[in-house]
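Please keep the sequence and the structure in view while reading.

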There are 2 protein chains.
Amino acid sequence: MSKANLQKWYDFVEKHDTKALSDMLADDVVFHSPVVHTPQEGKAITFLYLSAAGKVLSGDNFAYVGEYLSENGAVIEFNTVIDGIRIDGIDMITWNDEGKIIEFKVMLRPLKAVNKVHEMMGAMLAKA
Amino acid sequence: MSKANLQKWYDFVEKHDTKALSDMLADDVVFHSPVVHTPQEGKAITFLYLSAAGKVLSGDNFAYVGEYLSENGAVIEFNTVIDGIRIDGIDMITWNDEGKIIEFKVMLRPLKAVNKVHEMMGAMLAKA
């Protein structure tokens, strides 16, 4: 179940098809940012964060490098390099019984990477 | 396989038995800190970090809240509160065929949590 749902996420990351992203998200999905504590609730704000994150993090250096599954969720590890700063992170995704994403959490390391993404996401979201 | 190895880790976290921690670590284990990029290589330094992290993060508020498995690894999510700062994090553990830990990576969110753990680990490791 998680494996099939996860494939849809990988397809989105490859193709940046925002319609596919919108279709994947449950109406009451909650996004947990790597930077701020406050959960971002609902499909509209989660869509905004995930499409902005896609733009900020993607690029030639981006690759998923690990995959861990639970019954209704997955943790996938990624690496990238932005402006010479190495970023190691995870997407932690939870799906409901209909295969829609109900929770999306991102964590990053090291500290420099968190600060870099903070700066870039801030600029991207200010434009949006 | 990962499940049985993981149980040994949970036992260590509960009992803080440093002999058990030492037995779990491969000689060439590598620790990846949530704060600094540079990998910490070898059993001695990894032992130091993991026993210090145990002291810094543990307490009444600490709990593991999620578990994700791969063939030879696991990601376990934890929550805690230190000095009023909410910390959400993962331990990403990889075992070799002998069931010893060969890689241990920690990521935290949000930014305040990374800064808090940075400050506390610095103080703890300076004393060690």
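## The model

The model is predicted: local features need pLDDT of at least 70, side-chain atom pairs count only at pLDDT 80 or more, and totals for chains, interfaces and linings use all residues. Residues are numbered from 1 along each chain as its sequence is written, while chains are lettered from A and ligands numbered from 1 in the order in which they are written.

## Contact between the chains

In chain A, 24 residues are in contact with 25 residues of chain B; two residues are in contact if their C-beta atoms, placed from the backbone, lie within 7 Å. At least two residues of this side of chain A come from each of β3 (63–69), β4 (73–82), β5 (85–95), β6 (101–109) and α4. Helices (H or I, at least four residues) and strands (E, at least two) are DSSP runs, numbered from the N terminus.

The side of chain A that touches chain B holds 13 nonpolar, seven polar and four charged residues. Here Ala, Val, Leu, Ile, Met, Phe, Trp, Tyr, Cys and Pro count as nonpolar, Asp, Glu, Lys and Arg as charged, and the others, Gly among them, as polar.

## The nonpolar core

A nonpolar core is a set of buried Ala, Val, Leu, Ile, Met, Phe, Trp, Tyr and Cys residues joined through C-beta atoms within 7 Å. The largest one has 54 residues, of which Val75(A), Leu108(A), Val75(B) and Leu108(B) touch the most other members. Apart from neighbours within four places in sequence, Val75(A) is in contact with Tyr68(A), Ile90(A) and Met92(A), and also with Tyr68(B) and Val75(B).

## Helix packing in chain A

Helix α3 (residues 43–57) and helix α4 (residues 111–127) of chain A pack at an angle of about 125 degrees, and their axes are 10 Å apart. Axes are lines fitted to C-alpha atoms, for helices over the stretch in contact, and angles run from 0 to 180 degrees between N-to-C directions. The two helices, α3(A) and α4(A), are therefore oblique to each other (under 35 degrees is roughly parallel, over 145 roughly antiparallel, 65 to 115 roughly perpendicular and the rest oblique).

Ala52(A), Ala53(A), Lys55(A) and Val56(A) of α3(A) meet residues of α4(A), including Val117(A) and Met120(A). The contact of α3(A) with α4(A) comprises eight nonpolar, no polar and one charged residues.

## A residue of chain B

Ala126(B) lies in helix α4 (residues 111–127) of chain B. Is Ala126(B) buried or exposed? Ala126(B) counts as exposed because it has 7 C-beta neighbours inside 10 Å; a residue is buried with 20 or more other C-beta atoms within 10 Å of its own, exposed with 12 or fewer, and partly exposed in between, C-beta atoms being placed from the backbone.
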